[in-house]
Amino acid sequence: MANIISDETIEYVGILAKLELSDAEKEQAKKDMGRMLDYIDKLGELDTEGVEPMSHVFPVQNVFREDVVTNSDTREQLLSNAPEQKDGMFMVPKTFD
Amino acid sequence: MVINMAKQYETVIGLEVHVELATKTKIFCGCSTAFGGAPNTHTCPVCTGMPGSLPVLNKQVLEYAIAVGLATNCEITRYGKFDRKNYFYPDNPQNYQISQLYLPICRNGGVEIETEEGGKKTVGIHEIHMEEDAGKLVHDEWEDCSLVDYNRSGVPLIEIVSEPDMRSAEEVIAYLEKLRLIIQYLGASDCKLQEGSMRADVNLSVREAGAKEFGTRTEMKNLNSFKAIARAIEGERERQIDLLEEGQKVVQETRRWDDTKGESYAMRSKEDAQDYRYFPDPDLAPIVVSDEMLEEIRAKQPEFRTEKMARYKEEYDIPDYDIDIITGTKRMADLFEATVAICGQPKKVSNWLMGETLRLMKEKEVDAEDLSFSPENLAKLIGLVDSKAINSSVAKEVFEVMFEEDIDPEKYVEEKGLKTVNDEGALRRTIEEVIANNPQSVDDYHNGKEKAIGFLVGQTMKAMKGKADPGMVNQILRELL
Amino acid sequence: MSDMLHMTAVELAAAIRAGKTTAVEAAEAELARIEEKEKELNCYVTVDKERVMAQAKTVQKKIEDGELTGPLAGVPVAVKDNMCTEGLLTTCSSRILGNFVPTFTAEAVCNLEKAGAVILGKTNMDEFAMGSTTETSAYGVTKNPWNTEHVPGGSSGGSAAAVAAGECFYALGSDTGGSIRQPASFCGVVGMKPTYGTVSRYGLIAYGSSLDQIGPLAKDVTDCATVLEVIASHDKKDSTSVARQDTDFTRALTEDVKGMKIGIPRDYFGEGLNEEVKTAVLQAAKMLEEKGAIVEEFDLSLVDYAIPAYYTIAAAEASSNLERFDGIKYGYRTPEYEGLHNMYKKSRSEGFGEEVKRRIMLGSFVLSSGYYDAYYLKALKVKALIKKAFDEAFAKYDVILGPAAPTTAPKLGESLADPIQMYLGDIYTIAVNLAGLPGISLPCGKDSKGLPIGLQLIGDCFREKTLIQTAYTYEKARGAFL
């Protein structure tokens with residue numbers, strides 16, 4: 001296996017992805033990710049010098065809306081799925097900023 | 001003997017300025033951007049990150065961004081995209097912010113500012129990009145939790161990133177004032193720092209005078225007035241110099257300025273990595289700015305300050321100083337032009353703006369942007385004075401009410417019975433009484449004390465409750481004496 | 001109408017229009033069928049009987065009043081559980097959306113409802129459409145109606161199995177890397193992924209936004225074209241939606257392939273392809289040749305690079321698309337937590353299944369600082385090369401013909417043990433998504449175990465009609481698939 005994923009990397013990716021893995025899951029994730037990256041490294045075989053990265057494949061550009069208010073108050077619907085709410089707002093653990 | 005030669009330091013400052021655009025709707029959905037709605041009443045699936053919702057770009061946002069770019073001498077990106085900036089925070093409903101990293105709409109511009117020494121200097125603009133604002137977090141003391149309101153989520157912003165070209169708080173403020181004026185002239189934003197429609201983050205580093213390399217910089221947030229910006233710059237400069245003097249290193253970090261305490265503190269969390277994993281947003285189509293689109297926006301650009309100043313000089317016979325003040329804010333210039341258009345008396349309009357308006361603004365701490373009296377009413381007031389319907393001191397009283405409430409001066413004067421009494425008979429009778437009651441002053445006048453007449457005029461005006469034309473009073477007085 | 005369930009959607013709608021049966025009877029018959037088969041197959045996550053009957057009655061009235069006259073009016077349909085349905089649970093087969101009731105309906109489903117469809121329920125799928133077997137669902141596996149020891153394929157496995165088992169007349173699926181075509185192949189039904197941008201993604205809960213596309217799973221090519229014609233629309237709410245004039249797909253239902261140039265990529269018939277599948281697919285090509293098509297072998301190239309490019313792009317987009325599931329606005333929130341970040345981590349770790357977490361981790365990694373260029377940007381460049389290879393192929397051929405999958409449906413539990421092996425199963429379908437092309441899968445035979453084999457036809461962008469015409473001609477030549 002060419003790609004060895006370290007504990008730090010898994011820890012770091014967990015912070016980015018907001019996922020908490022058990023020790024067993026971490027070991028598995030290290031293996032899985034290493035194997036996947038080995039596999040993805042196959043792309044390195046291709047010479048892509050001068051190739052423009054293609055993020056959008058479709059022939060659409062300049063899709064705009066006019067600056068006109070179309071939405072009305074739908075707060076009740078919005079909050080209908082909230083795990084916790086108060087005073088018309090979503091309740092979350094205390095944040096500091 | 002050791003002479004402690006203090007090192008000289010140079011401050012290097014770059015700004016990231018966020019400006020809330022004056023669109024009616026949000027950047028990616030048809031929700032209103034109006035202030036003051038009850039929490040979460042200006043929201044929809046798009047701006048609250050509901051599964052399955054998709055963004056569609058508000059055309060006005062693009063047009064404003066390009067207009068600001070053109071006005072700040074930027075190159076406009078002809079093939080642009082939006083990127084996702086990924087980070088978790090409750091005010092960010094998708095946990096990514098739609099922004100622009102790789103292909104921002106404007107690049108490589110700059111604006112000219114005047115330096116303290118009276119010279120000129122260009123502050124470079126690295127880029128301007130479009131992005132969405134976050135929602136608001138309210139801290140609930142009772143439940144020891146936070147509450148999220150997404151009314152501001154998705155409000156369009158442009159972020160104007162300068163080059164590290166500024167060297168002092170004065171230059172920073174000159175740059176901000178210049179930006180604000182340009183953007184206000186464009187009508188792209190009202191740029192109110194206090195209300196957060198203009199926000200500046202300060203990137204600051206220090207280096208020994210003459211050094212070629214930049215020092216390590218910090219980013220300061222939460223600056224909501226020019227004064228706070230100036231204090232924060234001074235505070236951070238000192239903090240960094242102290243660190244260096246003590247042989248320590250400046251850490252690259254984001255700091256939050258507490259203006260009441262006059263100090264900043266690091267905003268750090270081990271739960272977060274500053275790794276935003278930007279990538280092109282697959283939900284939005286690329287933006288292709290054609291020559292026609294650019295020309296259309298260019299054609300719509302308003303007259304900016306320099307051009308306006310030149311035109312005022314040519315069209316209106318008012319002093320340069322007045323022109324400078326009046327064109328110094330968009331609101332003032334608009335008021336001036338609109339009032340002149342109605343009454344055709346630039347000089348008088350200018351006098352009202354330069355005199356009473358500035359006085360009351362200072363006294364009541366009102367910004368030019370918040371002036372609320374209408375050009376129609378100012379023109380009416382000027383008309384009332386011209387026709388001698390009211391005298392100038394009554395006019396000032398009426399103006400003060402107008403300044404506060406934008407009342408119609410004609411109606412107001414009528415209702416309050418403030419019209420000048422033009423009945424000469426009544427005026428004569430009053431003056432005769434004043435003369436009879438003030439023999440000493442009459443004597444003084446006859447003995448050549450010119451001042452005495454002023455007292456007698458005053459007494460007459462008082463008796464007339466101010467509603468007399470002082471010129472006429474003066475004339476009759478001299479006649480009767 | 002005891003044999004009603006054997007009708008195609010178009011036949012049933014005609015029977016309803018003719019007054020031979022009603023939307024209500026059709027809905028009742030389907031609910032009874034669902035009742036009978038679900039214990040065994042588990043095609044659905046949610047069936048709301050009252051809602052079904054209420055909608056059937058409303059639709060029937062509109063048909064009688066002459067308000068609904070379309071070719072699908074009154075026909076019961078199943079919808080994959082990653083499309084939002086107002087007031088009806090939409091889970092993406094994930095625990096994290098276990099209680100999520102959308103406040104709006106996906107545009108494609110709206111289009112169906114306007115045409116008089118009766119929504120039977122929401123079908124099971126691989127969690128967030130990540131998987132090829134429908135075994136990653138948080139709500140149990142779906143079984144293949146042809147042999148319940150086998151998977152139905154995925155990720156639209158519930159939809160494909162429901163069509164195959166007669167638990168609906170047709171279904172909607174979504175296809176990010178083969179998620180319509182591969183289960184269609186495994187379940188012996190017709191499945192089509194249209195050109196990217198043809199069907200609105202508004203209301204489709206995103207997996208890989210640049211690759212996702214909604215499409216039909218149906219009993220035959222006629223139903224497939226009819227459904228596609230109804231769901232295709234230019235939607236101003238979806239910036240990637242394309243304004244097309246040529247969405248009258250049913251006009252392509254003609255038996256004619258004379259002079260049509262069909263290319264068979266040699267690279268699709270190499271190592272890893274099951275012999276029985278190979279034989280059946282080449283047999284289908286031969287049949288088309290006999291009908292007048294010009295069939296040629298050619299080298300498509302880059303086939304082996306599609307999978308790594310796809311998994312990089314799809315995982316990256318997924319890692320971002322799935323960030324919104326954070327326990328704040330909707331869905332699962334862990335009952336016990338200490339502070340904000342712990343709440344995020346626990347809710348997401350408990351709410352997402354293994355495969356989803358695997359892809360989120362990979363996606364976060366390939367986008368992270370220092371790796372973006374090497375992985376993500378590289379994959380976008382390879383995507384450009386793959387698109388170019390297809391452009392070159394379509395300069396020569398009207399249609400590319402090959403298998404939909406290298407094998408028939410594997411046994412339950414065989415695939416998940418080795419993720420990469422599972423990903424390799426997408427080899428023939430994935431490049432189509434990267435290039436945004438249309439593709440259709442239809443049954444072309446069975447293996448020795450009696451499991452269906454799928455034939456895949458790939459067209460150039462916006463050439464669905466060519467595919468439909470070819471597929472229709474083949475279907476007629478093949479005869480009934482029983």
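## Cores, strands and chain contacts

Colleague: Which residues touch the most other members of the largest nonpolar core?

Modeller: A nonpolar core is a set of buried Ala, Val, Leu, Ile, Met, Phe, Trp, Tyr and Cys residues joined through C-beta atoms within 7 Å. A residue is buried if 20 or more other C-beta atoms lie within 10 Å of its own, exposed if 12 or fewer do, and partly exposed in between, with C-beta atoms placed from the backbone. Among the 187 residues of the largest core, those touching the most other members are C:Val77, C:Val118 and C:Val163.

Colleague: Which helix gives the most to this core?

Modeller: Helices (H or I, at least four residues) and strands (E, at least two) are DSSP runs, numbered from the N terminus. With 12 residues, the helix that gives the most to the core is the one at residues 303-321 of chain C, namely α9.

Colleague: What sort of model is this, and how are its parts labelled?

Modeller: Residues are numbered from 1 along each chain as its sequence is written, while chains are lettered from A and ligands numbered from 1 in the order in which they are written. Local features need pLDDT of at least 70 and side-chain atom pairs count only at pLDDT 80 or more, whereas totals for chains, interfaces and linings use all residues, since the model is predicted.

Colleague: What does C:Val77 contact once its neighbours within four places in sequence are left aside?

Modeller: Two residues are in contact if their C-beta atoms, placed from the backbone, lie within 7 Å. By that rule C:Val77 is in contact with C:Leu112, C:Ala117, C:Val118, C:Ile119 and C:Leu120, and also with C:Cys168, C:Phe169, C:Tyr170, C:Ala171 and C:Leu172.

Colleague: Why is strand β6 of chain C described as largely enclosed, and which residue is the bridge partner of C:Gly191?

Modeller: Six of the six residues of β6(C), at 213-218, are buried, so the strand is largely enclosed by the rest of the structure. Two strands pair if DSSP finds at least two bridges between them; β4 (residues 170-175) of chain C pairs with β6(C) in the antiparallel sense over six bridges, with C:Pro216 as the bridge partner of C:Leu172. Strand β5 (residues 190-193) of chain C also pairs with β6(C) in the antiparallel sense, over two bridges, and there the partner of C:Gly191 is C:Leu217.

Colleague: Is C:Phe128 buried or exposed?

Modeller: C:Phe128 lies in the loop between β3 and α5 of chain C, and its phi is near 55°, a positive value in a residue other than glycine. As 30 other C-beta atoms lie within 10 Å, C:Phe128 is buried.

Colleague: How many residues of chain A are in contact with chain B, and which strand of chain B gives the most to that side?

Modeller: On one side of this interface are 42 residues of chain B, and they are in contact with 33 residues of chain A. With five residues, the strand that gives the most to the side of chain B touching chain A is β10(B).

Colleague: What is the strand order of the open sheet of four strands?

Modeller: β3(A) and β10(B) pair in the antiparallel sense over four bridges, with A:Met91 opposite B:Leu147 and A:Pro93 opposite B:Cys145. The pairing in the sheet is antiparallel, and its order is β2(A)-β3(A)-β10(B)-β9(B).

Colleague: Which term describes the exposure of B:Asn73?

Modeller: B:Asn73 lies in the loop between α1 and β3 (75-76) of chain B, and its phi is near 60°, a positive value in a residue other than glycine. With 15 other C-beta atoms within 10 Å, B:Asn73 is partly exposed.
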